[in-house]
Amino acid sequence: MSETVSNVKTLVIDEQEVSALAGQTILDVARENDIYIPTLCHLEGLSNVGACRLCLVEIKGGNKLLPACVTTVFEGMEVSTHTERLQKHRRMILELLFAERNHICSVCVANGHCELQALAQDQGVTHISLPYRNPELTVDASLAQFTVDHNRCILCTRCVRVCAEIEGAHVWDVMGRGINSIVITDLHDNWGSSSCTRCGKCVQVCPTGALFDKSKVGSDHPKYPDFLPYLNLMREAQ
Amino acid sequence: MSKLKLATVWLDGCSGCHMSFLDMDERLIELAELADVVYSPLVDTKEFPDEVDIALVEGAVASEDDEKKIRKIRAHSKLLIAMGDCAITGNVPSMRNPIGPEAILNRAYIENADAQPQIPCVVVPKLLRIVRPIHEFVKVDVFLPGCPPSADTFHTALTALVTGAPLDIPALTRFGA
């Protein structure tokens, strides 16, 4: 009995009292209680890496902002998810993502179905106050079904994680450091001549137009990442 | 109350924002009761007037001429509205940025020319090295994203700006809309 009690943590998120199991992340608990925290690299069914920093929250008593997706709860924790400071940082993160590569929404295959674009609107980003970097980046269309356009990649690593954790192929990974990082297939081989299984999971989980299906024309390319939690559930059941 | 002076300007864009502005259709008649269009590709005035209340600017800054124009517009306008994605992000015109203007000019006027290949150098203004949004040159008061912003977006935003009603732009439009 006492063991069970110690596994339950009570905490406060945005002045709302909530309970959680030890080991749960702030993001999990917030979602269970319908408290919205914006995310971009997080995806239900994949491991969390805290790469995008959009889910940063404030914890009372601590100076550091912590990513809700990889921070576990503790007893008596007081979390704020929407302070002025956090909103400012979130808008800046989105502006940095837009400025870093060439995101031309109007001619993007993901226009209208893009999580980056939707988050910009959601967070009230109407322009990018930083100068654009305009990097020269490649597009790899060597695979018959799918294309990778590095101009639109935000390095969320969802493709890397779904390929390693769900498909079990680990064809995708990240090459380089910092601003020079890019996602690669195998040891930077063309996608078409890589060990890719052509399952297409990476395309469905990509939040932007970086990975897309060649058979989709114009900007009509919704993604369907909802298969992941279902797939995990069915595998656990076996 | 005297009528507001409204100007619309076309820098490096496709004119789609102006077309969408015209798509306000009969609502333009309401607007005409509140504002006079004193300068625009749609009217015959050649020089930007000294005093303008609202300037709507379509297009990015891509040439020396665009840069001169946007500075003049800012100096003579009370409210400057960046109209559409080209003015706000650089959009399609900025797709030449990673490869530079020389590559574009060569492709258009030398490689693909059937006769007398030459890069135009008289009358047409010199291209800037990179295409940039207008807020990198002058202060912009209102950002109205979209490619193009819809007629409804124009109507709601302009009505709010003219009457002083609250304006929630992200509720109306977004990049690429």
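This is a predicted model: local features need pLDDT of at least 70, side-chain atom pairs count only at pLDDT 80 or more; totals for chains, interfaces and linings use all residues.
Chain A holds seven helices and 10 strands, and its domain assignment gives domain 1 (2-82) and domain 2 (109-237). Chain A also touches chain B, in a contact that takes 19 residues from chain A and 22 residues from chain B.

**Overall shape of chain A**

- Along its principal axes, the C-alpha trace of chain A spans about 60 × 50 × 30 Å.
- The radius of gyration of chain A is 19 Å, which agrees with the value near 18 Å that a compact globule of 238 residues would have.
- Of the 238 residues in chain A, 37% count as buried.

- The C-alpha centres of domain 1 and domain 2 of chain A lie 26 Å apart.
- Their contact draws 11 residues from domain 1 of chain A and 18 residues from domain 2 of chain A.
- On the side of domain 1 of chain A that touches domain 2 of chain A, there are eight nonpolar, two polar and one charged residues.

**Where chain A meets chain B**

- Chain A contributes 19 residues to this contact, and chain B contributes 22 residues.
- By class, the side of chain A that touches chain B has nine nonpolar, nine polar and one charged residues.

**The five-stranded sheet of chain A**

- Five strands of chain A form an open sheet with mixed pairing, in the order β2-β1-β5-β3-β4.
- β2 (16-21) and β4 (65-67) of chain A are at the edges with a single partner strand each, so one side of each has no neighbour in the sheet.
- Ignoring direction, neighbouring strands of this sheet are turned by 40° against each other on average.
- Strand β1 (residues 8-13) of chain A pairs with β2(A) in the antiparallel sense over six bridges, and V12(A) stands opposite E17(A) in β2(A).
- The hairpin of β1(A) and β2(A) has two residues between the strands, and in this hairpin D14(A) takes a positive phi near 50°.
- Strand β3 (residues 56-59) of chain A runs antiparallel to strand β5 (residues 78-80) of chain A, and two bridges join them.
- Across that pair, E58(A) stands opposite S80(A) in β5(A).

**The three-stranded sheet of chain A**

- A second open sheet has three strands of chain A in the order β6-β7-β10, with antiparallel pairing.
- β6 and β10 (211-213) of chain A are the edge strands, and each pairs on one side only.
- Strand β7 (residues 146-149) of chain A and β10(A) pair in the antiparallel sense over three bridges.
- T147(A) has F212(A) in β10(A) as its bridge partner.

**Backbone spots worth a look**

- As background, most residues other than glycine have a negative phi, and most peptide bonds are trans.
- N134(A) has a positive phi of about 50° although it is not a glycine. N134(A) sits in the loop between α4 (115-122) and β6 (139-140) of chain A, and it counts as buried because it has 20 C-beta neighbours inside 10 Å.
- H188(A) is not a glycine either, yet it has a positive phi of about 65°. H188(A) belongs to the loop between β9 (182-185) and α6 (201-205) of chain A, and it counts as exposed because it has 11 C-beta neighbours inside 10 Å.
- In chain B, a cis peptide bond joins C147(B) and P148(B), with omega about -5°. P148(B) lies in the loop between β7 (142-144) and α6 (151-163) of chain B.

**One helix residue in chain B**

- I104(B) is part of helix α5 (residues 101-111) of chain B.
- I104(B) counts as partly exposed, because it has 13 C-beta neighbours inside 10 Å.
- I104(B) and G59(B) are 45 residues apart along the chain, and their C-alpha atoms are separated by 18 Å.

Key
Residues are numbered from 1 along each chain as its sequence is written. Chains are lettered from A and ligands numbered from 1 in the order in which they are written. Two residues are in contact if their C-beta atoms, placed from the backbone, lie within 7 Å. Ala, Val, Leu, Ile, Met, Phe, Trp, Tyr, Cys and Pro count as nonpolar, Asp, Glu, Lys and Arg as charged, and the others, Gly among them, as polar. Two strands pair if DSSP finds at least two bridges between them. Helices (H or I, at least four residues) and strands (E, at least two) are DSSP runs, numbered from the N terminus. Axes are lines fitted to C-alpha atoms, for helices over the stretch in contact, and angles run from 0 to 180 degrees between N-to-C directions. Domain bounds come from an automatic or database domain assignment. The radius of gyration is taken over C-alpha atoms; the globule rule is 2.2 Å times the number of residues to the power 0.38. A residue is buried if 20 or more other C-beta atoms lie within 10 Å of its own, exposed if 12 or fewer, and partly exposed in between; C-beta atoms are placed from the backbone.
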